[in-house]
Amino acid sequence: MKVRVVVMPKQSVLDPQGVAVRNALKDLGLQTVESVRVGKVLELEFTTVPDEQRLHEICRDLLSNPVIEDYAIRYPSVVTM
Amino acid sequence: MKIAVLQFPGSNCDQDCLRALRDGVRVEADYLWHKDRSVLGFDAVVLPGGFSYGDYLRCGAIARFSPIMKAVVSAAKDGMPVIGICNGFQILCEAGLLPGALIRNQSLHFVCQPVWLRTETAETPFTAKLEKGRLLRMPVAHGEGSYFADSQTLEILESQDRVVFRYADELGQTTSESNPNGSFANIAGICNQERNVLGMMPHPDRAWDRRLGSEDGKLLFESLVANLELAAVR
């Protein structure tokens with residue numbers, strides 16, 4: 001079973017990567033782009049259905065840093081059905 | 001008296017730290033490997049700079065879970081002096097021994113240059129031989145050293161006098177030009193509430209001999225040794 005964890009910088013955290021990408025997009029002629037934020041996606045493959053609470057624990061403890069990042073757990077196989 | 005220098009896969013300032021201790025301040029020092037499980041026999045711990053575990057996921061995120069860190073966290077809670085330099089600072093934040101986080105430099109550039117630091121407090125084992133306002137010269141070398149914390153945490157740090165160093169110019173003014181990475185309030189180093197854990201991005205381990213361009217970093221290690229000697233007498 002596949003679980004996707006999306007980790008994004010918090011709104012209150014300056015994301016200089018996002019600013020650089022936004023500027024590059026503007027340079028490419030995409031004038032309407034207002035802001036870009038760069039995060040990351042982790043795909044976890046499980047042999048059985050993982051415990052939801054345990055998933056949140058690993059998201060808080062390791063996969064994201066709650067001081068600077070928010071995370072969301074997605075189940076891509078469930079979404080596509 | 002013996003001081004531990006931790007080695008994680010990817011640490012690269014471990015030798016600098018060991019030399020600063022052994023040759024700079026003539027104190028016994030030895031390495032502890034990330035798989036070690038105890039700091040028994042040591043009186044203080046140095047977490048060196050580098051790229052522990054390749055900086056994968058986030059700087060310090062994986063190092064924080066290494067076996068030795070369990071022992072360091074518990075020793076720190078019992079009052080043992082612990083200093084994290086550069087990547088060591090990032091590890092201490094990830095481990096929850098220090099608040100806040102270190103994020104990508106605002107400029108996106110890796111900064112590698114000498115900076116001026118203004119000492120904000122002498123009330124730590126590492127700054128006891130300094131005085132408030134004392135300027136220190138030492139290098140920074142990092143890509144992710146911008147100190148971030150929410151406003152409530154920043155308020156607590158300020159009100160408890162826990163900002164230990166700030167980036168400043170040669171006159172001691174904390175200008176934005178003297179801030180190499182975009183850190184909040186020019187913060188270069190902080191300590192925990194009990195004041196025995198210090199994290200800082202600049203490298204005292206690269207500034208302990210005139211041949212390195214500055215001897216100012218030595219003052220931190222000398223302070224530590226003096227503090228440990230005092231503790232031994234008590």
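**View 1. Strand 1 (residues 2-9) of chain A pairs with strand 2 of chain A in the antiparallel sense over six bridges.** In this predicted model, local features need pLDDT of at least 70 and side-chain atom pairs count only at pLDDT 80 or more, whereas totals for chains, interfaces and linings use all residues. Residues are numbered from 1 along each chain as its sequence is written, chains are lettered from A and ligands numbered from 1 in the order in which they are written, and side-chain values use heavy atoms, with hydrogens and water left out. Within this pair of strands, Val6(A) stands opposite Val41(A) of strand 2 of chain A. Strands are DSSP runs of E with at least two residues and helices are runs of H or I with at least four, numbered from the N terminus; two strands pair if DSSP finds at least two bridges between them.

**View 2. The open sheet of chain A has three strands in the order 2-1-3, with antiparallel pairing.** Strand 2 and strand 3 (69-74) of chain A are the edge strands, each pairing on one side only. Neighbouring strands of this sheet are turned by 20° against each other on average, direction ignored. Helix 2 of chain A lies across strand 1, strand 2 and strand 3 of chain A, and runs at about 145° to strand 3 of chain A. Axes are lines fitted to C-alpha atoms, for helices over the stretch in contact, and angles run from 0 to 180 degrees between N-to-C directions; contact means heavy atoms within 4.5 Å.

**View 3. An open sheet of nine strands in chain B has the order 2-1-3-4-11-10-9-6-7, with mixed pairing.** Strand 2 (28-33) and strand 7 (135-142) of chain B stand at the edges with a single partner strand each, so one side of each is left without a neighbour in the sheet. Neighbouring strands of this sheet are turned by 25° against each other on average, direction ignored. Helix 1 (residues 14-24) of chain B packs on the sheet, where it touches strand 1 (2-7), strand 2, strand 3 (44-47) and strand 4 (82-85) of chain B, and its direction makes about 160° with that of strand 2 of chain B.

**View 4. Strand 6 (residues 111-119) and strand 7 of chain B pair in the antiparallel sense over eight bridges.** In this pairing, Gln113(B) stands opposite Val140(B) in strand 7 of chain B. Leu108(B), found in the loop between strand 5 (101-103) and strand 6 of chain B, has a positive phi of about 70° although it is not a glycine.

**View 5. At the interface, 16 residues of chain A are in contact with 15 residues of chain B.** The area buried between chain A and chain B is about 1,300 Å², of which carbon and sulfur atoms give 68%; buried area is the accessible area (1.4 Å probe) that two parts lose on being put together, summed over both. Five residue pairs, both members at pLDDT 80 or more, are in polar contact between chain A and chain B, a polar contact being a pair of N or O atoms within 3.5 Å in which, within protein, one must be able to donate a hydrogen and the other to accept it, and residues adjacent in sequence count only if both atoms are side-chain atoms. Helix 1 (16-27), strand 2 (40-45) and helix 2 (52-63) of chain A are the elements that give two or more residues to the side of chain A that touches chain B.

**View 6. Arg58(B) forms a salt bridge with Glu69(A), the closest N and O atoms being 3.8 Å apart.** A salt bridge is a side-chain nitrogen of Lys or Arg within 4 Å of a carboxyl oxygen of Asp or Glu.
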